[in-house]
2 protein chains.
Amino acid sequence: MTAALPPDLLDRLVFDRDGLIPVIAQQHDSGEVLMFAWMNQDALAETIQTGRVCYWSRSRKALWRKGESSGQVQRLVELRLDCDGDVLLARVDQTGVACHTGRRSCFFTALRDGKLETIAEVLVDPATLYGG
Amino acid sequence: MTAALPPDLLDRLVFDRDGLIPVIAQQHDSGEVLMFAWMNQDALAETIQTGRVCYWSRSRKALWRKGESSGQVQRLVELRLDCDGDVLLARVDQTGVACHTGRRSCFFTALRDGKLETIAEVLVDPATLYGG
């Protein structure tokens, strides 16, 4: 463990069978839902301690310090949990873009009249996000 | 299957090992994140067909037509998916309250100075939601 969770919080949270909890990241002022990811206890403790959002990457099986390579960091503004304690809502201030495609939010595809439409523009060239 | 999913959508979605996909429900105009739940293919197909949000209850292992008992229904305004196709964002119009506690949103608990605080009021007596 890199840091301890506040006992008040730990008592209320329910992690799943893989030791993870889902996290919704929302831009704190606009209300835009930016992305969805997962945390384990270590990621959550680091997020609270540093004020920078850190997830757990299920594909890499490692801590995922959001923006560490790309610079597109998320500053934690407020952490909320749901009534069952098994989902987190991270109200954040997103620098630049949340999505690896260079769009502000990962939810840029909408179903309209039975077809999928791209409803948001690429704001940052993805090559510049992970090129370094 | 009660209804078929649009092929365009089905091709892009990734359901987890339990055949489920996570769903974030957001009030379409205010941006408030109301709740988080899961759908299987049947629930999603019914949601699209009827325009009323239907989840999959993992505890009851049954379709969960939101608001069927309580009257607190969610009308689907727009369905979005994330860049990986493994999370849905349901932009909805929530009648009354989303949470079984009688609060508008399930995310009514915030971590402030290491302590959990209730930040939203009960708007509807929970006894009236499920009393029938």
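Tutor: Hello! A residue counts as buried if 20 or more other C-beta atoms, placed from the backbone, lie within 10 Å of its own, as exposed if 12 or fewer do, and as partly exposed in between. The model is predicted, so local features need pLDDT of at least 70 and side-chain atom pairs count only at pLDDT 80 or more, while totals for chains, interfaces and linings use all residues. Residues are numbered from 1 along each chain as its sequence is written, and chains are lettered from A and ligands numbered from 1 in the order in which they are written.

Student: Is Gly51(B) buried or exposed?

Tutor: Gly51(B) sits in the loop of chain B between α2 (41–50) and β3 (54–57). Such helices (H or I, at least four residues) and strands (E, at least two) are DSSP runs numbered from the N terminus. Because Gly51(B) has 12 C-beta neighbours inside 10 Å, the label that applies is exposed.

Student: Which residues does Gly51(B) touch, not counting those up to four places away in sequence?

Tutor: Gly51(B) follows α2(B) and has a positive phi, near 75 degrees. For touching we use contact, meaning C-beta atoms, placed from the backbone, within 7 Å of each other. By that rule, and leaving out residues up to four places away in sequence, Gly51(B) touches Arg75(B) and Leu76(B).

Student: Which residues of α2(B) are buried?

Tutor: The cover over the buried residues of α2(B) includes β2, β3, β4 (62–65) and β5 of chain B. Under that cover, the buried residues of α2(B) are Ala43(B), Leu44(B), Ala45(B), Glu46(B) and Thr47(B).

Student: Which residue stands opposite Leu79(A) in β7(B)?

Tutor: Here the sheet passes from one chain to the other: β5(A) and β7(B) run antiparallel and are joined by 3 bridges. Within β7(B), the residue opposite Leu79(A) is Leu111(B).

Student: And which residue is the bridge partner of Leu111(B) in β8(B)?

Tutor: β7(B) and β8(B) form a hairpin with 2 residues between them, and Asp113(B) in the turn has a positive phi of about 55 degrees. The two strands run antiparallel, joined by 4 bridges. In β8(B), Leu111(B) is partnered by Leu116(B).

Student: How many nonpolar, polar and charged residues are on the side of chain B that touches chain A?

Tutor: The contact takes 31 residues from chain B and 31 residues from chain A. On chain B's side, β5(B) gives the most, with 4 residues. Ala, Val, Leu, Ile, Met, Phe, Trp, Tyr, Cys and Pro count as nonpolar, Asp, Glu, Lys and Arg as charged, and the others, Gly among them, as polar. Sorted this way, the side of chain B that touches chain A has 17 nonpolar, 7 polar and 7 charged residues.

Student: Which residue of chain B comes closest to the rotation axis?

Tutor: Copies are superposed by least squares on the C-alpha atoms of residues with pLDDT of at least 70 in both. A rotation of 180 degrees, with 0.0 Å of shift along its axis, places chain B on chain A with an RMSD of 0.0 Å. The two copies are therefore related as by a two-fold rotation axis. The residue of chain B closest to the rotation axis, at 2.5 Å (C-alpha), is Gly31(B).

Notes: Two residues are in contact if their C-beta atoms, placed from the backbone, lie within 7 Å. Two strands pair if DSSP finds at least two bridges between them.
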